[in-house]
Structures are given as structure tokens and as C-alpha cells.
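Subject: Structure handover

Hello,

Please find the structure below. My notes on it follow.

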Amino acid sequence: MTSETITADAAGTWTLGDLTVNRIGFGAMRLTGSAAFHHGTPSDRQRSIAVLRKAVELGVNHIDTAAFYFSSLRSANEIINSALSPYPDDLVIAAKVGPFRDYTGEWGTSARPEDLRGHVEENLRQLGRDHLDLVYLRRMRQDSVAEHFGALAELRDKGLIRHLGISDVEPRHLAEAQAIAPVVSVQNRFGLDSRNRVTDETVRLCGEQGVAFVPFYAIAGNAGAEGATTAHDEAVLAVARAHDASPAQVRLAWTLAQGPHVLAIPGTGNPDHLAENIAAGALRLTEDELATLNSLHRQAG
């Protein structure tokens with residue numbers, strides 16, 4: 001399949017609260033370097049800016065980021081601000097709060113509820129915005145999300161946040177958060193070869209309740225923050241050959257096929273990979289191909 005003229009609307013749309021986004025978006029984590037956080041070498045700043053501008057040209061209107069996405073030289077939020085401000089009216093920027101990295105890049109103590117306003121304000125400062133469209137509370141091993149999510153709900157009431165989401169959660173956390181304020185999106189690790197029964201159940205519940213499910217590491221697989229996996233099952237390679245597509249495109253197409261509420265936020269600092277990822281939104285798998293890949297997913301994890 002060709003990637004040159006396919007735009008993000010080929011994947012269809014979903015509504016986050018009152019904000020309509022194309023189901024193929026962009027994850028900002030890889031803007032800062034060859035691998036996430038401090039694992040790789042810093043990116044070329046101008047190329048990262050060019051990737052973001054190209055993403056918007058190709059119809060991407062949903063960008064996922066965080067203040068803790070930075071390498072030794074680059075900040076994802078600063079690059080987004082430089083590349084896209086003043087922002088297009090239809091651009092939805094989602095940020096995550098909860099985790100914390102100090103100026104050296106080392107992970108620090110996760111936020112207490114009273115710290116979350118500072119996390120939100122830092123994202124606002126870096127992005128040059130007066131509000132955030134969507135903020136995820138990233139659960140950091142706490143058993144209950146009520147106190148943290150309640151703090152974010154208060155910031156929503158004050159106008160700093162438009163919509164709320166939760167990340168790295170189980171169904172019980174979704175119910176707990178929904179009792180406090182509306183949840184428009186859930187973000188968990190999920191992919192073709194990374195099965196977690198609890199997450200599979202979360203995907204199903206989100207679909208029933210009209211909540212978006214936005215997986216991370218959908219392409220990376222077990223490689224995680226280090227980048228896209230190169231370990232592809234023969235079944236994935238066979239589907240890729242049948243569609244003249246890449247294995248990464250097959251993984252994204254499978255992800256989107258899990259339900260109309262499932263979005264994708266593949267990230268890259270490479271313009272060619274960007275076009276390829278967006279084009280995956282036009283790839284339609286056959287019923288037999290989906291059955292084969294679903295079976296592969298059930299065997300994983």
C-alpha cells in the first residue's frame with residue numbers, strides 16, 4: 001500500500017467528550033530522541049519540528065504528550081509549542097500527569113494529589129496554553145485513584161482542564177473515577193503481542209460505555225520505550241506481504257480493528273515512518289486475517 005496520499009481521516013473519527021479526533025493520532029514520546037526518556041541519543045530538533053508539522057498536514061488532530069517526555073537536550077512539549085503554536089482550532093492535545101522526573105532525567109517520587117496542579121501548570125507553561133484539552137491521571141501503583149482523580153476534577157472545574165482520562169488502570173479504577181467525574185478516555189499498554197487479561201476486559205468495558213481506549217506501545221511491543229519491535233511473528237509478516245504493508249502497519253490496523261472506540265497514537269521522529277503510520281488507518285484486514293491475529297494475541301502474555 002502507498003503512504004504518500006493517505007491522511008489521518010482514513011481511520012475514521014471518535015469523540016472525546018465534545019472533541020472529535022481522527023482515530024490515528026500522534027504520540028510525542030519519540031520526538032526527543034532515538035528512544036524514549038534518557039535511553040537514546042537526542043533527536044535533531046528541526047527534524048522533530050518538521051515531523052509534527054507534517055503530521056498536522058496529514059490530518060492528525062490528536063497529540064499525546066507529557067512534561068516528563070524529555071531527553072538530555074529535547075523537551076517534547078517545547079518542540080510541540082515551537083512547531084505548532086498558534087495551534088489549529090481542531091487540534092486536541094492530551095497530557096499525562098502523576099509521574100515525575102527531575103532535571104537530570106531520573107524518576108522521582110510520584111505526585112501526591114496536592115502536587116497535581118503543579119504538574120498541570122508545567123504542561124500548560126511548556127505548551128503555551130491556558131488549558132489542556134485532555135489530562136490523564138497516570139496511576140502509579142496506588143490501589144485507589146479517587147484522591148488523585150478528585151484533585152484533577154477540581155482543576156477541570158476551575159477551567160484548567162477540559163476533559164479527564166486515566167492511565168494504567170483496571171476496570172475497578174474506571175468505575176471509581178467515573179463516580180467522581182466523567183472519564184472520556186483510558187490509556188493502557190496494549191498490543192498484538194502484549195496480552196493482559198485485565199486490560200482486554202478494560203478495552204471491552206470502554207467500548208460498552210462509549211469511552212475511548214488509547215493504547216501505548218501498540219507498535220513497540222515488548223521493546224517498550226526502546227522503540228519499535230523487530231520481532232514479528234510469521235503470521236504478522238504474512239498479512240503484511242498480502243497487503244504490501246509493513247509489520248508496523250499491520251499492528252496498527254489490528255489495534256484499530258479492536259473497536260471503533262480504540263484510537264492509535266504511534267510516535268516517531270522519522271518523517272517516512274510518520275506517513276507509514278498514518279497510512280495504516282486505511283488498511284482493512286479481512287475476517288480471516290483478524291481471526292489469525294486475534295488468536296496470536298490470545299496466545300501472548
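Contact here means heavy atoms within 4.5 Å. Helices (H or I, at least four residues) and strands (E, at least two) are DSSP runs, numbered from the N terminus. The model is predicted: local features need pLDDT of at least 70 and side-chain atom pairs count only at pLDDT 80 or more, while totals for chains, interfaces and linings use all residues. Residues are numbered from 1 along each chain as its sequence is written, and side-chain values use heavy atoms, with hydrogens and water left out.

Helix α10

The buried residues of α10 (residues 287–299) pack against α6 (197–209), α7 (234–242) and α8 (247–256). Buried means under 20% relative accessible area, exposed over 50% and partly exposed in between, using a 1.4 Å probe and protein chains only. Glu289, Leu290, Leu293, Leu296 and His297 are the buried ones in α10. Seen down the axis, they fall within an arc of 120° (taken from the directions from the helix axis to the C-beta atoms), so they line one face of the helix. Glu287, Asp288 and Gln299, on the other side of α10, are exposed.

The hairpin

Strands β1 (residues 13–16) and β2 (residues 19–22) pair in the antiparallel sense over 4 bridges; two strands pair if DSSP finds at least two bridges between them. They form a hairpin with 2 residues between them, and Gly17 in the turn has a positive phi of about 65°. Thr13 has Asn22 in β2 as its bridge partner.

An open sheet of 7 strands runs in the order β3-β4-β5-β6-β7-β8-β9, with parallel pairing. β3 (26–27) and β9 (212–213) stand at the edges with a single partner strand each, so one side of each has no neighbour in the sheet. β7 (residues 161–167) and β8 (residues 185–187) pair over 3 bridges, and Ile166 stands opposite Val186 in β8.

The loop between β3 and α1

Where is Thr32 placed? Thr32 is in the loop between β3 and α1, and Thr32 is buried, with a relative accessible area of 0%. Leaving aside neighbours within four places in sequence, Thr32 is in contact with residues including Thr41, Tyr69, Phe70 and Arg74. Ala36 is found in that loop too, between β3 and α1 (45–57), and Ala36 is buried, with a relative accessible area of 0%.

Regards

Methods. The expected span of a helix is 1.5 Å times one less than its number of residues.
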